[in-house]
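Hi,

Here is the structure I promised to pass on. Have a look at it first, and my notes come after.

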Amino acid sequence: EWLKISLATTDHLANARDVLRVIRPLRGMQLTTQAQAVRDLTNSILPHLEETGPTVEYLQVRLLLATADCRQKIADTQGKILEVYWESHAQEDISIRAESLCHCLATVCDARAQSVGWSDKESIEETLRNDVLECVNVLLLNTAAHDEILHPILEALGSCDWELAQQITLLANTVERRNQLRVQLVKILAQSTPLPGWAAAATEAITRDCEDEAAKAACCINWWRHVRDDQGGLPFTVVSMSYFIKLALDLPRAQDRGWACALAYERLMTGCESGPLLEELKATTLSSLRSISDCFECVEISLAVATKVAAMSSDFGEKCLEIGEEVRRIKLGGRALAREVGLAPVRLALSAYAGLLPNSLHRSEDTSRLSRLISDIPSPVSRCEMWSAMAGWFYVAGNVQECRALVNQHILPELHQLEQDDDSDFAACVLATADSVFVARSATAEQLFKKLKDEDRDQAIVRAVRIVLDRLPWSEPRRKDRRSCLA
């Protein structure tokens, strides 16, 4: 009916993207009389869709119609897909060509799953894979923004060929971008309906490939956030989800562990009976929430977790809420503030104080007042960042002695304590203070940087260089009237 109304009016004429959203349910449906009518109507407006575009969506519409034909006319399906393949291959825009070829591959895989009788479907798939990789390699040669280029290609591949998608993630040019693409790929797999029987094994392989713990945590959280027990396909049991349960329980950061365990508990409770493993997830969630050193994060995550699990267990939800309320009442003075709102007065005071330093107009009471504000910040990372900014402004003003005093008195003791406690915030705090520690105690900074992972170490070095050459703490935005030393 929507298609008929759209065609009969002049206010809104459907383009390929609109039509694709409407007819997508045809994929996997039996070709009933009503579905046949939708297919025939869509076929009748293909010339209009070709004209209005977008091109990728127009080709997807044709592929979907070919897959719908596959239910009754197997012999015609291959020819229709080949038509779209050659049209995709002829696209001058390499990004459109790559994405369209990925949709061709997905359609071939779908048709293979729905029917038999194709004489050379394996060779078609292999040709498509090679074409996709060739296009991707050409795309990556022409830009450094590999993540932006590869995101739509992974979306197009979806869950039809995870090994090819995983191979494509390896082509990104930085560790951070490769990890981002892996996290996205996990989300795509978790949202597949029905959930393929190999989805858990594929997601496990992708997660194991991640090159740092933060990316593994993001994959774990993405899996539990998007997978559902009613998707069909993969059996949703404690056994089938064992890797992701163990991963959630073993995540190193309390924030990630608490959130992942809560999501796992909520998902498993909808499809599994209560048992020792579910009780362990509950206990780990509560202990993790209590271990979050950043008070702002503790309150925010506790509230989110309580909301998530309350439908499954009101008692569990109340306990999570109590943890957040206790931190808010005792450590945040009863305030329900977002982090940036809570830090805004400190940042404002620091900016005003920095303006006094070049001409030595600051008074001892100004220093004491700002120091009290920073000392009361309940988050170790934010507290270190503010101390570092204060020390950095002293360095910029030419007062290296005062900069060194702040680093020795406030920053280094906090870093050493976090390192001794094996706290997950240690790396974040080293990054937050990289510039001030470097200009105050360069040898100490070098030792601290060596304890970071490669990506974090590179970022710390950039921040240390910036304060020396740009004469600005790293947390300050670069002025538009001067060229950055790192540009």
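Predicted model: local features only at pLDDT ≥ 70, side-chain atom pairs only at ≥ 80, totals over all residues.

Residues are numbered from 1 along each chain as its sequence is written, and side-chain values use heavy atoms, with hydrogens and water left out.

Helix α26 runs over residues 454-469; helices here are DSSP runs (H or I, at least four residues), numbered from the N terminus. Its 16 residues reach 23 Å from first C-alpha to last, close to the 22 Å expected at 1.5 Å a residue (the expected span being 1.5 Å times one less than the number of residues).

Which residues of α26 are buried? They are Ala 460, Arg 463, Ala 464, Arg 466 and Ile 467, with buried meaning under 20% relative accessible area, exposed over 50% and partly exposed in between (1.4 Å probe, protein chains only). These residues cover an arc of only 160 degrees around the axis, which puts them on the same side of α26; the arc is that of the directions from the helix axis to the C-beta atoms. Their cover includes α21 (380-396), α23 (426-432), α24 (434-440) and α25 (442-450), where contact means heavy atoms within 4.5 Å. The face turned away from the buried side carries the exposed residues Asp 454 and Leu 469. Just after α26, Arg 471 takes a positive phi of about 60 degrees.

On to the salt bridges (a side-chain nitrogen of Lys or Arg within 4 Å of a carboxyl oxygen of Asp or Glu). The count comes to 20.

- Glu 125 pairs with Arg 129, the closest N and O atoms being 3.2 Å apart. The two are 4 residues apart in helix α8 (residues 121-141), so about one helical turn separates them. At 3% relative accessibility, Glu 125 counts as buried.
- Asp 315 and Lys 319 meet at 3.6 Å, N to O. Both lie in helix α18 (residues 314-330), again 4 residues apart. Asp 315 is partly exposed at 40% relative accessibility, and Lys 319 is partly exposed at 38%.
- Arg 363 and Asp 366 meet at 3.1 Å, N to O. Arg 363 is partly exposed at 46%, whereas Asp 366 is buried at 14%.

Salt bridges that share partners also join Glu 125, Glu 126, Arg 129 and Asp 161 into one network.

Cheers
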